[in-house]
Amino acid sequence: MTGASTETDAARVAVVTGAASGIGRAAATRLRADGWAVVAVDRDADRLAWVDATGDAGLVSCSADVSADAGNAEIVAAALDRFGRLDGVALNAGVASSGSLESQSMDEVDRVLGVNLRGVILGVRAAIPALRASGGGAIVVTASVSGQYGDPTMWAYNASKGGALNFARAAAIDLGADRIRVNAVCPGPIRSTGMTKPLERHVPDLYEEMRSHVPLARWGEPDEVAAAIAWLLSDDASFITGVALPVDGGVTASTGMTRPGFFTR
C-alpha cells in the first residue's frame, strides 16, 4: 500500500478492486468525490500510479491478487490499517476471455473463473468481519449482462459472471441479518474498459455492430456504471439487497432478434 500517511476524516471507507482503469477507476474516483475514503486495488502496482499522483490522503493504493486468500486479506488490512474501518466493498476486478467450447485451454478457464468468480467469493468472505465490526455495510459485485445471457465463444466468461451474479444473490440472503447488503451491477457495452478498448482500436466494425444493438444508440461510459455502484453502496439504497441492476442502455430489454429501429426502416 502506498500514499500519504496523514489521517482522513471520512466517515465511511470503501475498497474498489480492479481500480487501475475503466469502471474501477471511475468507481474509486466517484466514491472519493462522494466523501468516502477509498482503497484502490489492482494486481499491477504500476497501473495504480494515478492514485498516488492525486496526493489525496483519503485515496490510497493497494496491490493485491484478488484470486488468492492472502490478496484479499491484504486488501481488508489496508483499509483497517489506514482508515480504521470498512463500510463498502466494490468487487470490480475481472478478466475477459473467448474461445472454442471444445478446445479452449482449461488453464485459461481457470484463470477467468479464478478472478471473476473465486475472486468475488474470497472478497466477500474477507470483508465480512470488518463490515460486521462497522455495524454493517454494503457490497457491490460487478457482474455483466453476459452473466445473465450467453455470448458466442464467451462461455467461460459467461459462466464466471453468471456465477458471480447468483453468488451475490445468495450472499445477500446469508448476510442480511448482519446488516450487510449485497447487490450486483450488470454493465452492458461500456467504452474505455480493458474489454472494449481493443475492439475500438483493432476491430472497429465489431465495435460499431455492438453499439447498433443498444437502444440508447451509444456506448455507456465508465462513470455511468460508477454512479450505479456508488448509489448501491450509499444509504439511499438502504433497503435494497440481492438485486442485479442492469447498466446497459436497454440491451437486456430486447429479445435480441432485431436491432433498434429495424421495423421502421
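## The second largest pocket

The second largest pocket has a volume of about 360 Å³. Its lining is made up of 20 residues, and those closest to the centre of the pocket are Gly-136, Gly-137, Arg-179, Arg-181 and Asp-235. The model is a predicted one.

Two strands contribute to this lining: strand 5 (137-142) and strand 6 (180-187) each provide at least two of its residues. By residue class, the lining of the second largest pocket holds 6 nonpolar, 8 polar and 6 charged residues.

## Arg-179

Arg-179, one of the residues closest to the centre of the second largest pocket, lies in the loop between helix 5 (155-175) and strand 6. Arg-179 is not a glycine, yet has a positive phi of about 60°. Most residues other than glycine have a negative phi.

Is Arg-179 buried or exposed? With a relative accessible area of 65%, Arg-179 counts as exposed, because the class takes in values over 50%.

## Ala-217

A second residue with this backbone feature is Ala-217, which has a positive phi of about 65° and is not a glycine. Ala-217 sits in the loop that runs between helix 7 (204-212) and helix 8 (222-233).

The relative accessible area of Ala-217 is 46%. Ala-217 is therefore partly exposed, as the value falls between the 20% limit for buried and the 50% limit for exposed.

Note on methods
Residues numbered from 1 in each chain as written. Predicted model: local features only at pLDDT ≥ 70, side-chain atom pairs only at ≥ 80, totals over all residues. Heavy atoms only, no water. 1 Å grid on protein atoms, 1.4 Å probe; cavity = no way out; pocket = protein on both sides within 12 Å on 5 of 7 lines; lining within 4 Å. Points joined across faces, edges and corners; volume = space filled by probe spheres on them. Helix = DSSP H or I, 4+ residues; strand = E, 2+ residues; numbered from the N terminus. Nonpolar A, V, L, I, M, F, W, Y, C, P; charged D, E, K, R; others polar. Buried < 20%, exposed > 50% of the residue type's maximum accessible area, 1.4 Å probe, protein only.
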